[in-house]
Amino acid sequence: MKIYYSLLLALSILSTSVNAQKDTIKLKEIEVSSNRISLPFSKTSRTITILTNDDIVKSAATNLSDMLQNVAGVDIRRRGIDGMQSDLYIRGGNFDQTLLLIDGVKMDDAQTGHHTMNAILSLENIERIEIIKGPAARIYGQNAFTGAINIVTKSVTENRTAINLNYGSYNNKKGEVSLAHKFKEVAILASAGYQESDGYRFNTDFENVSAFLKSNFKNYSLITSFGQRKFGANGFYASPAYKDQYEETQTSLVALSSNYVAGETTVKPRIYWRRNEDMYLFIRENPSYYRNLHISNKIGAETNVVFNTGLGKTGVGLDISRIFLVSNNLGDHQRTAITGFIEHRFELLNETLDITPGVAISSYSDFDTKAFPGLDLGYRISEKVKLYGNIGYTYRVPTYTDLYYVGPTTKGNADLEAESALAEELGIKFTIPDFQMDVALFNRKSDNLIDWTKDNEADKWEARNFSEVVAQGLETNLNYQFKLGEYQQEFNLGYSFIDDVIKDNQVQFTQYSINSIKHQFTAGIDTKFCPIFSEHISYRYVERTNGQNYHVVDAKILAVLKNNMEFSLIANNIFNAEYTETNLVPMPKGNVMVGFKYSL
């Protein structure tokens, strides 16, 4: 740590003596995607983090889970290497309370939020990642309880074929082929990948297969993806003592979208189908002892309309979905969900004040109809400074695992009530060409929060509602860009603090929700001193509410030759930190991966 802080101090002193220049990528001009009202990043009145393709290329991450791990306020709880199995949390929420989207298509799974990250795409296919923190139910509907992450896939700008080959610790072999081609009226982006590893300890081997296709034809867009994972799950679920667990998952998506513009009106219809299959063995070598098989299908159609008038922008939307679950453990279930959206953005006082009220109303065939009103407010003090705030209600119905699961150490609860929360946020953004900083304070009061709990050590985990949980916190991010000689350098800092308080707590043990990151500090530096090589170092410190704390340092060296050949060396957990992120599953110590990419 002394070496690390000395490096930061030296960098700070050095950076004050150089003439900082603006990066060629203008983050403030990136349009943040929305199914209705889309805005340039600089005009948003929420806490939003954008990870660009340039950030992805520079980072020491080889997958989306590791990429998100270095974002303040985001908690990725991984089991194993290379994002093999991971859960997504934002601002102290749990994995069922954060929504993942691919090009605006919601990837929630009614069986369990454990499958959210099954659908993640290869970093090779991602143009940017939009992280929306705070209540997003007004924008996306239920499951966006504490935030949402939208993966925006690449557009085809040139004809290109790329081959990626990687080899790393634990006999980790990874290969991917991708193709981008523009025809007269059609553009196609396609990729296929394969990965396997012996695992970093007993029964953590895995095999992954993935495929992705995106096709644009006039004003239509088709995306399809498929991911299959087979992995040993040593202590991943239930008790860490259960070392012989095994799991196989398949996740697929097909979505067809369109975009029609008539004068000041834009209509964006979409149909989609998401399928997930999950097979779990309690004892890998003895399938008959205990085996679960769940197959979930979600079929949906949505239409969003945006009207531009002299009074601002109005967005209206309707999303109808039908869910089917077939399971030998949870039973067979069906659910229909209908959600309507309406919002309007006012820009007043010469566009220095923006006000966006809105409401989403959801009706479920097996739960009550609920409304999620919300309000975003922003005031631009100057071109450099903007104040913003938002408030909103949010809501989540229990998953089928919450309701009906029966296992060796866990049991569901068919009497669960839906979760709800009121969340508020106040923030400030400061932006100049070479420096950006934001600070936000947030508060969330949750009622009937669902978690797996027990009263005694020997009891089974059981899903229960808490009467009230209050989460309060602070979050800040800083980005500084400067030049040394001819080359751009970049420095990032992030910090988040969360304080969870359970009101009327009558249980002794909780498994997921009330084990938030209390303190999280992230730092990253990207350097370049010659035409060929660039370097990246990232650091994170985490202190959880259970008292655990740890420091992790990752690094990457990238060499680019003739713009079509790349060599990379990635080192994770350089100083062999011993830590766990969930369920007492130990994370791997220092490991490396070498990579080669050839484009033509």
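**View 1. The model holds 13 cavities of 30 Å³ or more.** The structure is a predicted model, in which local features need pLDDT of at least 70, side-chain atom pairs count only at pLDDT 80 or more, and totals for chains, interfaces and linings use all residues. Residues are numbered from 1 along each chain as its sequence is written, and side-chain values use heavy atoms, with hydrogens and water left out. A cavity is a set of points, on a 1 Å grid over the protein atoms alone, where a 1.4 Å probe fits but cannot get out; its volume is the space filled by probe spheres set on the points.

**View 2. The largest cavity has a volume of about 440 Å³.** Its lining (residues with an atom within 4 Å of a point) has 26 residues, and His114, Tyr237, Thr401, Tyr405 and Thr410 are the closest to the centre. Two or more lining residues come from each of β17 (265-281), β18 (291-309) and α5 (400-404). Helices (H or I, at least four residues) and strands (E, at least two) are DSSP runs.

**View 3. Asparagine 328 lies in the loop between β19 (312-327) and β20 (333-348).** Apart from neighbours within four places in sequence, asparagine 328 is in contact (heavy atoms within 4.5 Å) with Arg291, Asn292 and Leu293. The asparagine 328 side chain reaches the backbone oxygen of arginine 291 at 2.9 Å and the backbone nitrogen of leucine 293 at 2.8 Å.

**View 4. Five strands form an open sheet in the order β3-β8-β9-β6-β7, with mixed pairing.** β3 (47-52) and β7 (105-106) are at the edges with a single partner strand each, so one side of each has no neighbour in the sheet. Strands pair if DSSP finds at least two bridges between them; two bridges join β6 (residues 98-102) to β7, and these strands run antiparallel. Isoleucine 102 stands opposite valine 105 in β7.

Methods: On a 1 Å grid over the protein atoms alone, a cavity is a set of points where a 1.4 Å probe fits but cannot get out, and a pocket is an open set with protein on both sides within 12 Å along at least five of seven lines; lining residues have an atom within 4 Å of a point. A polar contact is a pair of N or O atoms within 3.5 Å; within protein, one must be able to donate a hydrogen and the other to accept it, and residues adjacent in sequence count only if both atoms are side-chain atoms.
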